[in-house]
Amino acid sequence: MYPQTMFSKKLAVIAVMMLCIASLQAQREVKTLNDNWEFRKPTEEVWQSVHLPHTYNLDAYQGRHYYQGKGLYRRAFTLPEVVSGRRYYLKIDAASKAADVSVNGTKVGSHAGGYTAFTMDITDCIRKENQVEVTVDNGRKDITPISADFTFWGGIYRDVWLISTAEQHFNMNNMGSDGIFITTPQVSAEKGVVKVCSEVTNDGAKASTLEVRNSIYSPQGELLQVVKQKKKLKAGETATFETLSKEISNPDLWTPETPSLYVVKTALVDAKTGEQLDEQRHKVGFRWFAFDGNKGFTLNGKPYKLRGVNRHQDQAPVGVALDDEAHRRDAVLMKELGCNFVRISHYPQDDALLEACDELGLLVWEEIPIVNIVPDTPGYADNCEQNLREMIRQHYNHTSVIAWGYMNEILLVTPGPDKPEWPVYKERTVALAQRLEAVLKAEDPNRSSVMAFNMTNLYNEIGLNLVDVVGWNLYHGWYVGKLSEFNAWCEDQHRRYPDQPIIISEWGAGSDRRLHSTNAHAFDFSIEYQQTYIEHYLPFIEETEWISGCTYWNFIDFNVAARQESMPRVNNKGLLYNDRSLKDVAYYFKSMWRQDMPVLHIASRDWDVRTGKADQPQAIKVYSNLSEVELLVNGQSVGRQKVSNCHTVFNVQLPEGTSVLVAQGMRDGKTVQDAMTIRLNPLPDVATGAELAINVGSNCYFTSAVSGLTWLPDQPYTPGGWGYVGGKERSTTSEIANAVDGPLYQTWREGDFTYKIDAPAGEYEIELLMADVTKPAAQLANLLGKATEEKQAGETRFSIFIGGKEMETDFSPVDGGDYRTAFKRRYVVQHEGGSIDIQLKAVKGEPFLAGIKLFLCRAGQ
């Protein structure tokens, strides 16, 4: 008996081992194919080595007219073996805007859409030695977007995966999804139910009886229940398994503050042998929500203000070719600001971001990029529908998602009612909206539909308010009108459409850290005006019950190849710089939104080197959620002030040189402090050899990022100083060529005027800056009124006199050059003392001058 027993035990062990090996072979295998790719453009002969994610549009950082066309990718890979009876798939998370894929010379499929994933079955053409070829095209006009205020980055800019499954597996052919869709059809504080719909495919040669097992785990990891369903599938059949859990009592509810997630492990098992064939895991939260035109947004039955930002996905120097950790980092930064909401604009983004929103607690509005206009292009509407279905199915299981969107500012460049083409465009636009709304509700009736309008009531009048929630992109006090008009617009909309839920989906002002002003105004791109703008908008949004919430435009300064303005290639409305360092104004949001912690920030990091007189008060702003703040300069208190609207401003006299600022206050009996250093440089004294640099026609200080020289804001002349006599201020949004310090040339003084500079006798070098913008550049439609207010003028010619001597006769800066191009010329002048007069006299048109720099070469004897 003993030998036989031992033999039986050995057989049993071997049998178990064989079963384990078989089970392991049946499991899904997943790995990236991101390394060792090669790339070239069709016009190039040499392949370059690249690693995914990759974009071929880094030229978008260099000029307006970046490459839009095809890019060729290829990669060789070797398999240890091609296992008979297994299925092989290639999944590409995003390739913009379209992709044709071949494996070993056989075309395996195409995909239209640059922001959603797609999976292709490569079983029939795979072998041990393989070559994958992907042709990407970001120039297609039948695929949205075709017009937008962002760059259409080309390339395979997300992960590529090689996936292998058993012959029986969860459906791999469902628009890039994993074929499993989870809902919570019953949810309350008292109970919750989980429904799982799993699509299963039998790619075997014969029928198979299969069982789906859904194991539900609590957020603490406890197995709560297992729900099963069996079905017999014919060869080649795909079937849906639906399971409904028992009630889960007193579920942990998901909120941004407590993002509790349950785990659903979905396993596919051979019902006959018990062998596990496939498995997927998802996280699901119990939550419910509602939008109301009068009461705003509620989450889990309680009023809840949506506080968020729009998020573009690029970062220099890699464009949109970001690794997963960069997406996760952005979610962390948003949470740290106090966001509970993000509009993923204007296109579906990486799974890593959605997963982080689930885990960290960020509610999500996600959309497809139908922007500005609906063209009459064959296939366009079909591709839009496909992209909408893909987005919903791929991100269906993310608890964070509460709204799907499909149009943004769709009437922006559409011919208006005053144009003969209007009826056709209107009909086509409304028809597509109706089609997509029906698709959205068929795909997901449990989430809200949303569309973003720009500043015209035409959207309501023609029926585009068919969505559940209207988003308003409002820029009063920036592109158009005054700040107060924002409040009036919102109130008028609510009065007209009281039952229509609204979100302020975009609002923002640009800022350039090189520009600062003590007299800031719209479109000067000063740091200070962005702060003023935000400090006006946010309290109104917060205090207005019927506004569900907002998403500030934008989370970051992001790339727009076609943008001009003060920072060409950049939309600089961000709360963070593109490198993800925070602007001072980000702490205003943090002060408003982070009531769970003390916030205290001296808002002078963006202007920590200033120029002025030691006896001239300097405005030091402090952002805080404390009730009172004290400011100390070099250890001496300059007073305590109450905080209103999460900020207070101290007007203090700083000594020349470096000072230490300390702000402090109390929270819950504990001292809270913030400290920084600030430097005050004296006003230039030309008699000592300091350079006097004047930002002519501008209200802003401009500090060159290259030289560090600060150009002073323009001022009228007073005896003993310097300034203008006559003329008028003008500005442009046109990009100035050949200029590193572009903003200096984008403002100027115009007309017959004189500039007077009182200076001691000596030899001076005087440099004059100008750019002829009498032919302004075409601008993006997104600049609204700013895009059309600059008019072409006729040829301008003038003469320049310095100290009474004619330096240029019948002159134009475009002589031998170009319009909208930086021109600077230096003149050596002998000055006898008194005022140096720089005079421009018109020959034709109106003279202009953008900058003056004066330097004493040798003092007078």
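Three strands form an open sheet in the order β46-β47-β54, with antiparallel pairing. Strands here are DSSP runs of E with at least two residues, while helices are runs of H or I with at least four, all numbered from the N terminus. Two strands pair if DSSP finds at least two bridges between them. β46 (728-731) and β54 (848-849) stand at the edges with a single partner strand each, so one side of each has no neighbour in the sheet. Strand β47 (residues 747-750) is joined to β54 by 2 bridges, and the two run antiparallel. Arg749 stands opposite Leu849 in β54.

This is a predicted model, in which local features need pLDDT of at least 70 and side-chain atom pairs need 80 or more, while totals for chains, interfaces and linings use all residues. Residues are numbered from 1 along each chain as its sequence is written, and side-chain values use heavy atoms, without hydrogens and water.

Ile694 is found in β42 (residues 692-695). Ile694 counts as buried because its relative accessibility is 0%. Buried means under 20% relative accessible area, exposed over 50%, and partly exposed in between, with a 1.4 Å probe and protein chains only. Beyond its neighbours within four places in sequence, Ile694 is in contact with residues including Trp711, Leu712, Trp722 and Ile852. Contact means heavy atoms within 4.5 Å. Ile694 and Leu854 are 160 residues apart in sequence, yet their C-alpha atoms are 8.7 Å apart in space.

Now the pockets. On a 1 Å grid over the protein atoms alone, a pocket is an open set of points where a 1.4 Å probe fits, with protein on both sides within 12 Å along at least five of seven lines; lining residues have an atom within 4 Å of a point. Grid points are joined across faces, edges and corners, and the volume is the space filled by probe spheres set on the points.

| Largest | about 910 Å³ | Asp178, Gln280, His282, Asp351, Glu355 |

In the largest pocket, α3 gives the largest share of the lining, 5 residues. The lining of the largest pocket has 8 nonpolar, 9 polar and 14 charged residues. The second largest pocket is lined by 9 nonpolar, 11 polar and 4 charged residues. Ala, Val, Leu, Ile, Met, Phe, Trp, Tyr, Cys and Pro count as nonpolar, Asp, Glu, Lys and Arg as charged, and the others, Gly among them, as polar.
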